[in-house]
Amino acid sequence: MLVQELAGEALTERNYAKQPLTRAEVNAILKAAGSVQEVLNTRHATAKANGWKLKAPSKSVFAAAVLEEPNLIRRPITLHGGRAVVGRDEDEIRALLRGA
C-alpha cells in the first residue's frame, strides 16, 4: 500500500538524489529517526570504506557526508509529527501517521 493511501491526506514527496537535502534537513531527519544507524545506507561504498556498518559515524560527520553523497541515507523515509519511519513497513507507517 502506498504511503499516500495510508495517510489519507496530501503528502510531499521528495527525491533527495535530485533535490539535495540541506544540513538542517539532514539534522531534522536524524533527530526524528533517533540515530545515524537508523538512516545509514550500509550498502553504500562510502559506508563500507569507512567501516560505518560496524560503527556509525557521528551525526555531524554523517550530515557532512550526506551533503556530498545523498544516497548514504536509506529510503524511503516517512516523516510525521517529529518522528520517522525508514523503509516500507506498512504497520510502522500506520502507527506513525496515527501518532502512536
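Q: Is Asp 91 buried or exposed?
A: Asp 91 is exposed, because its relative accessible area is 57%. Exposed means over 50% relative accessible area, buried means under 20%, and partly exposed lies in between, with a 1.4 Å probe and protein chains only. This is a predicted model, in which local features need pLDDT of at least 70 and side-chain atom pairs count only at pLDDT 80 or more, while totals for chains, interfaces and linings use all residues. Residues are numbered from 1 along each chain as its sequence is written, and side-chain values use heavy atoms, with hydrogens and water left out.

Q: Which side chain does Asp 91 meet in a salt bridge?
A: The partner of Asp 91 is Arg 94, at 3.4 Å from N to O. A salt bridge is a side-chain nitrogen of Lys or Arg within 4 Å of a carboxyl oxygen of Asp or Glu. Both Asp 91 and Arg 94 lie in helix α6, 3 residues apart, which is about one turn of the helix. Through salt bridges that share partners, Glu 90, Asp 91 and Arg 94 are joined into one network.

Q: What are the closest N and O atoms in the bridge of Arg 94 with Glu 90 apart by?
A: They are 3.6 Å apart in the salt bridge between Arg 94 and Glu 90. These two residues also lie in helix α6 (residues 90-98), 4 residues apart, about one turn of the helix. Arg 94 counts as partly exposed, because its relative accessibility is 28%. Glu 90 counts as partly exposed, also because of a relative accessibility of 28%.

Q: How many salt bridges are found in the whole structure?
A: The search finds 3. One of them is formed by Arg 14 and Glu 25, whose closest N and O atoms are 2.7 Å apart. This pair links distant parts of the chain: Arg 14 is in the loop between α1 (3-7) and α2 (23-33), whereas Glu 25 is in helix α2, 11 residues apart. Arg 14 counts as partly exposed at 29% relative accessibility, and Glu 25 counts as partly exposed at 26%.

Q: What share of the residues count as buried?
A: Of the 100 residues of the chain, 33% count as buried. The accessible surface of the chain comes to about 6,500 Å², and carbon and sulfur atoms hold 49% of that surface. Accessible areas come from the Shrake-Rupley method with a 1.4 Å probe; for residues, only the protein chains shown count as cover.

Q: Where is Val 26 found, and is Val 26 buried or exposed?
A: Val 26 is found in helix α2. Val 26 counts as buried because its relative accessibility is 0%.

Q: Which residues does Val 26 touch, not counting those up to four places away in sequence?
A: Val 26 touches Leu 21, Ala 63 and Val 66 under that condition. Contact means heavy atoms within 4.5 Å.

Q: Where is the place of Leu 67?
A: Leu 67 is in helix α5. With its neighbours within four places in sequence left aside, Leu 67 is in contact with Leu 21, Thr 22 and Arg 23. The C-alpha atoms of Leu 67 and Leu 21 are separated by 6.9 Å, although these residues are 46 apart along the chain. Leu 67 is partly exposed, because its relative accessible area is 33%.

Q: Which peptide bond is cis?
A: The bond from Arg 75 to Pro 76 is cis, with omega near -5 degrees. Pro 76 is found in the loop between α5 and β1 (77-80). Asn 15 and Pro 76 are 9.3 Å apart in space, C-alpha to C-alpha, and 61 residues apart in sequence. Asn 15 lies in the loop between α1 and α2.
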